[in-house]
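I wanted to see how the parts of this protein meet. My notes follow.

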Amino acid sequence: MMYVLGLQGSPRAKGNTNFLIDGLLDHLRAKGAETEKINVRRLRVEPCIGCGYCEEKGICVFADDDMTARIYSMLRRADVVVLAGPVYFYNFPAHIKAVIDRTQALWSRKYRHSLEDPGRPWRKGILLSVGATRGKNLFDGMKLTARYFFDAVGADYTDSIVYHRIEAPGDLTHHPGVADDIQSCAANLDSLLARKKILFACRENACRSQMAAGFARYLAGDRIEALSAGSTPAPRVNPVMQEVMAEKGIDMAYRTLRSIEDAVSGTRPDMIVTMGCGEQCPYIPGVSYVDWDLPDPAGQSIDLMRQVRDEIEKRVRQLMDNQDGSESLSKENS
Ligand SMILES: Cc1cc2nc3c(=O)[nH]c(=O)nc-3n(C[C@H](O)[C@H](O)[C@H](O)COP(=O)(O)O)c2cc1C
């Protein structure tokens, strides 16, 4: 199911930005998307202090605020990121600007550590904004900031909806163009809703299914929705798996681990690929099942993890070829 993350950046909980983002998210939900709206003002996010820690280590020095605990993972999971905020002095309000600045850690992973997020090939970014005045340059700052934010979070800056002369709460509700603008913006996302879904399932959702989904995302672009889950999910991904995927230039940080029940609850996969969890995987009529008999590399040597990684890559390539949804993997190390 297409997952849309909406970052509502106005401090006014019931203002114009909120009206606009609710309109878009409601519309996408009606089309079958899963949506989540974050009122950014309610988050506890430390502003970036420019210490350089993320450039060196690839992670933010602030280890326990909401950005590290939740938002990085949500950004990585998102198929669509909606960045919404009113114009404050030609840029975003402070709360959401803090979130934007903290995505420098993701920028560092890509540009300093040469790690590519597997979601990048299809993730889309949308800017929503409002401002009080009519100046022709009113949204220039917002658009430039959005462009670099979407690059940092690995999204293609797909569309923007912006309105001049919107000031008091409620002003936008009277604007005649909103419904049409939302409809045409949402239409740009139809390809993501129509993707064929493949669920990769293993025991802990920490190694094999994560690697398979990671490779599948690179290979299939926006044609396949690659999900992963486990019969008894571990608390976090296996660090050795992260290390061997990093050797291929693929960034497996900030992954969300899920149970198989959770993964199939709101969506029906077209295919389930099991790896060592066969008997615990629920039978869903009409779904095709494939079993990959691969050893569980958790707790074993890094060499076994590499062998399993390479075998998974080979099988995912074959699977994508058979699905007629493949693209060159040459970008993986570029
Ligand atoms: C601190 C502050 C700065 C603002 N700066 C600008 C500005 O530079 N240009 C402008 O056109 N409107 C500016 N505005 C007006 C807001 O963009 C406008 O009221 C908008 O509709 C608020 O959206 P909201 O209801 O989603 O909060 C500013 C408002 C505030 C409170």
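I began with the interface. Domain 1 and domain 2 bury about 1700 Å² between them, and 52% of that is on carbon and sulfur atoms. Here buried area is the accessible area (1.4 Å probe) that two parts lose on being put together, summed over both. I looked up who loses the most on the domain 1 side: Glu 116, Pro 118 and Trp 122, which together account for 31% of what that side buries.

I noted the ground rules. This is a predicted model, where local features need pLDDT of at least 70, side-chain atom pairs count only at pLDDT 80 or more, and totals for chains, interfaces and linings use all residues. Residues are numbered from 1 along each chain as its sequence is written, and side-chain values use heavy atoms, with hydrogens and water left out.

Next I checked the bounds. Domain 1 covers 3-192 and domain 2 covers 195-333; such bounds come from an automatic or database domain assignment. Their centres, taken over C-alpha atoms, are 28 Å apart.

Then I looked at contacts (heavy atoms within 4.5 Å). I found 18 residues of domain 1 in contact with 18 residues of domain 2.

How many salt bridges are there between domain 1 and domain 2? I found four, each being a side-chain nitrogen of Lys or Arg within 4 Å of a carboxyl oxygen of Asp or Glu. I also looked up the salt bridge that joins the side chains of Asp 117 and Arg 255, at 3.2 Å from N to O.

Which helices supply at least two residues each to the side of domain 1 that touches domain 2? They are H3 (66-77), H5 (104-111) and H8 (190-193). Helices here are DSSP runs (H or I, at least four residues), numbered from the N terminus. H3 gives the largest share of that side, four residues.

Last, I turned to the ligand. There are 17 residues around the ligand, each with a heavy atom within 4 Å of it. Ser 10, Arg 12, Thr 17, Val 87 and Ile 166 come nearest. Thr 17 has a polar side-chain atom 2.6 Å from a ligand oxygen. Ile 166 places a backbone N or O atom 2.6 Å from an oxygen atom of the ligand. For Ala 132, a backbone N or O atom lies 2.9 Å from a ligand oxygen.

Technical notes
Polar contact = N/O pair within 3.5 Å; in protein donor to acceptor, adjacent residues only side chain to side chain.
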